[in-house]
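Subject: A structure for you to look at

Hi,

Here is the structure I promised to pass on.

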Amino acid sequence: MRLEPVARRVSVERLDPPADWKARSEDEIAATIIADMPAWVRFWRGFKDDFLGFPEPNRLVGPNGRDGNWGYLAGGRFALGDNEALLVTLDPADSYYTGFQITDPWTIAPDPMLRLASLNKGQVVPNADGTVTYVLALADPGVANWIDTCGLHEGWMLTRWQGVPADADLASMIREVRLTTINELPEGIPATDLTGRRRQIASRAQAFAQRTSEEGWADAT
């Protein structure tokens, strides 16, 4: 039996707006943006220089608990040559969500629709023991969990665990971070071919469209 996707809409309506609320003019909005811009630029300009202590490349720092009980985060910088690959093996730790992504050196993420710059728990192929090995590389290494650096030789990598069981072993969540070459990848990593890669990217684009566009919602019904 094949289950067809069902589109659902969610709307939010505030029932008790502030008594003194009033619509702002375009000039008022522009003035607020101008006033806030220096602090915004200052923060994001320096954010990358002290995030996680600005670690040396090709290692992950963490997992660190996120404020507000939002699970755990680990991050670090990557630095890759044209033929190099960074293997990152993580344990999902029975969490209900995991995600891995890369950004440029200024923490700006590449377009996620047609490039495999991020993968979540539903998009990966696990290893035989339940761990997941991501391979960061500029060129397609022929593995299922390729993280495409989108032409970037340097940038940030981030991974998140959400809904982690209370008894999870945090020390084992990061199993390995190792620099190698595309031609020397170890055996046993889930692989894919060109047909599989095309199918993976097409599925990604369809899912992205369903989340972000009216056309996508129409296609899902």
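**What I found**

The protein has three helices and nine strands; helices (H or I, at least four residues) and strands (E, at least two) are DSSP runs, numbered from the N terminus. Starting at the N terminus, the order is α-β-β-β-β-β-β-β-β-β-α-α.

Before you go further, keep in mind that this is a predicted model: local features need pLDDT of at least 70, side-chain atom pairs count only at pLDDT 80 or more, and totals for chains, interfaces and linings use all residues. Residues are numbered from 1 along each chain as its sequence is written, and side-chain values use heavy atoms, with hydrogens and water left out.

**The whole protein**

Of the 221 residues, 35% are buried. Buried here means under 20% relative accessible area, exposed means over 50%, and partly exposed is in between (1.4 Å probe, protein chains only). Take the contacts (heavy atoms within 4.5 Å) between residues at least 6 apart in sequence: 72% of them join residues at least 24 apart.

As for charge, there are 22 positive and 31 negative side chains, and the centres of the two sets lie 2 Å apart. Lys and Arg count as positive, Asp and Glu as negative, while His and the chain ends are not counted. Each charge is placed at NZ of Lys, CZ of Arg, CG of Asp or CD of Glu.

**The strands**

Now find the open sheet of four strands, in the order E7-E6-E3-E9 with mixed pairing. Its edge strands are E7 (146-148) and E9 (174-181), each pairing on one side only. Two strands pair if DSSP finds at least two bridges between them. Inside this sheet, E3 (residues 84-90) and E6 (residues 132-137) are antiparallel over six bridges, with Leu87 opposite Val135 in E6.

Strand E2 (residues 72-79) is worth a look too. Six of its eight residues are buried, so E2 is largely enclosed by the rest of the structure. E2 pairs antiparallel with E1 (residues 61-65) over three bridges, where Gly65 stands opposite Tyr72. E2 also runs antiparallel to E8 (residues 154-162), joined by eight bridges; one partner pair there is Phe78 and Gly155.

**Some single residues**

Which two residues does a cis peptide bond join? They are Gly62 and Pro63, with omega at about 5°, and Pro63 is found in strand E1.

The loop between helix H1 (26-50) and E1 holds Phe54, and Asn58 lies in the loop between H1 and E1 as well. Phe54 has a positive phi near 50° without being a glycine, and Asn58 has a positive phi of about 65°, again not a glycine. Are they buried or exposed? Phe54 counts as partly exposed because its relative accessibility is 36%, whereas Asn58, at 17%, is buried.

Finally, go to Ala93, in the loop between E3 and strand E4 (97-103). Its relative accessibility is 11%, so Ala93 counts as buried. Leaving aside neighbours within four places in sequence, Ala93 is in contact with Pro165, Ala168 and Met173. Glu184 is 91 residues along the chain from Ala93, and their C-alpha atoms are separated by 28 Å.

Enjoy exploring!
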